[in-house]
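Please look over the sequence and the structure shown below. The briefing that follows goes through a few of the residues, a helix and a cavity.

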Amino acid sequence: MIKKHKGIRRSGLSSFQVIIISFFGLIMLGTLLLMLPVSSREKCVTPFFDSLFTAVSATCVTGLVVRDTATYWSLFGQAVILLLIQIGGMGVITIGLTVIRASGRKIGLWQRSTMQESISAPKVGGIVRLTGFILKTSVIIELAGAVLMAPVFCRDFGILKGIWYSVFHSISAFCNAGFDLLGVRSPFSSLTSYSNNIYLLSIVMLLIIIGGIGFLVWDDIGTNKFRFKRYNLQSKIVLLTSLILIIVPAVYFFFFEYGNLTIGERIISSLFQSVTTRTAGFNSQDLARMDESGNAIMIVLMLIGGSPGSTAGGMKTVTFAVLFFAAVTVFSRRNDVQCFKRRISEETVRTAGAILFAYLFLFFVSGIIISRIDDLPLLTCLFEAGSAIGTVGLTVGITTKISLISRIILMILMFFGRVGALTLIYAALPSADNNSRLPLEKISVG
């Protein structure tokens, strides 16, 4: 049996280190391509840090930008960004193994283990089949999304440009990236010009949800169809938690944030805001008009993020659910953490706690540092930090105004949020010796 926390080493590198190096290499390649004069509309060399920020945001499927995607980048630059989104969303390792498989080469245990860590699969067995499933599912869903969007964009921008817009936004939505090309109407406007288009917003929401739920869950659904009782525990937790995290915030947004809209507009805007906040980064309403309580709720949603093995970032829905069930266990004075008549291991609970601590620590420290450096309100900076570490991409308008140091902090947060806390920690720290144990002594907490 392969222990997940150790990984399999080959040529001195663990699977965790390979994942990090792969993402870093893709980011640097994307940066170099975006710096080329052909990548910008003005045919000029884009500054290194602007190109780097864009490449990190695209590869980490975040959506924070310092240059408007539609008005600054040329068609070539937009294609580079879209390719980075696609590879970053499905995973660098997934694409790599697909290429190896297509070339006819044998996929060994080391490659399978790396793929397992990359998509948070529970076991190595069946990982090659799952890789094919991820690729086929992604292509089919993205094509379907593009076809459904085409009538809207072709009507507004013409046939050729409309098709390009449909493909771009379908991939961006499914990969939970939040990049858009609608800055041609108003820079950095996202989907605000379509705030009343229920058809288009519904398609974008569906793509975001499908991508954010995760390939492991869809594979389970494909195997067991609609027989919910046969789903594995993770699929049940993901579906239940995702449903709650969509409905509850939407109810809040409906009653407290969009009172100036009609009932129909309030419903679609509330649902869209609830869906996009956790994972994607599109926005159909002006976020600057939301009050502080609404921003605070959005920060929590951004930190939670999507689900394991999905195109989304964040600390993940399963982490949030496990910690909730652990709290319920303590309150009810039971011995074991339980969910759907199954017991959750202590190691899983400890791991969830460690992930929460890592995310909250980086989130708060980064927000405070950005606030002090750029002399901005703390809540505004925490919103930006939460958006970066959750790989969401929503902003209240400060991304283009903050200093270079603050942008570097955001890039680190985006990378951390996409690659994952445990991947970075396990890659940096050696495995501990678990054969010996120190004497036990009780302490009081709470």
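**A contact, a helix and a cavity**

The side chains of T279 and N176 are joined by a polar contact of 2.9 Å; a polar contact is a pair of N or O atoms within 3.5 Å, where within protein one must be able to donate a hydrogen and the other to accept it, and residues adjacent in sequence count only if both atoms are side-chain atoms. This is a predicted model, in which local features need pLDDT of at least 70, side-chain atom pairs count only at pLDDT 80 or more, and totals for chains, interfaces and linings use all residues. Residues are numbered from 1 along each chain as its sequence is written, and side-chain values use heavy atoms, with hydrogens and water left out.

**T279**

- T279 lies in helix α12 (residues 263-279); helices (H or I, at least four residues) and strands (E, at least two) are DSSP runs, numbered from the N terminus.
- T279 counts as buried because its relative accessibility is 4% (buried means under 20% relative accessible area, exposed over 50%, partly exposed in between, with a 1.4 Å probe and protein chains only).
- Not counting residues up to four places away in sequence, T279 touches N176, I208, G305, G306, A312, T391 and V392 (contact means heavy atoms within 4.5 Å).

**V204**

- V204 is part of helix α9 (residues 198-213), and V204 is buried, with a relative accessible area of 4%.
- Neighbours within four places in sequence aside, V204 is in contact with M149, A173, L191, F272 and F282.
- V204 and A280 are 76 residues apart along the chain, and their C-alpha atoms are separated by 9.6 Å.

**Helix α4**

- Helix α4 (residues 75-90) has 16 residues and should span 22 Å at 1.5 Å a residue, which agrees with the 22 Å between its end C-alpha atoms; the expected span is 1.5 Å times one less than the number of residues.
- In α4, 12 of the 16 residues are buried, among them V80, I81, L82, L84 and I85.

**The cavity**

- The largest cavity is lined by residues including I208, I209, V275, R278 and T279; on a 1 Å grid over the protein atoms alone, a cavity is a set of points where a 1.4 Å probe fits but cannot get out, and lining residues have an atom within 4 Å of a point.
- α9, α11 (233-256) and α12 each give two or more residues to this lining, and α9 gives the most, with 4 residues.

Technical notes: On a 1 Å grid over the protein atoms alone, a cavity is a set of points where a 1.4 Å probe fits but cannot get out, and a pocket is an open set with protein on both sides within 12 Å along at least five of seven lines; lining residues have an atom within 4 Å of a point.
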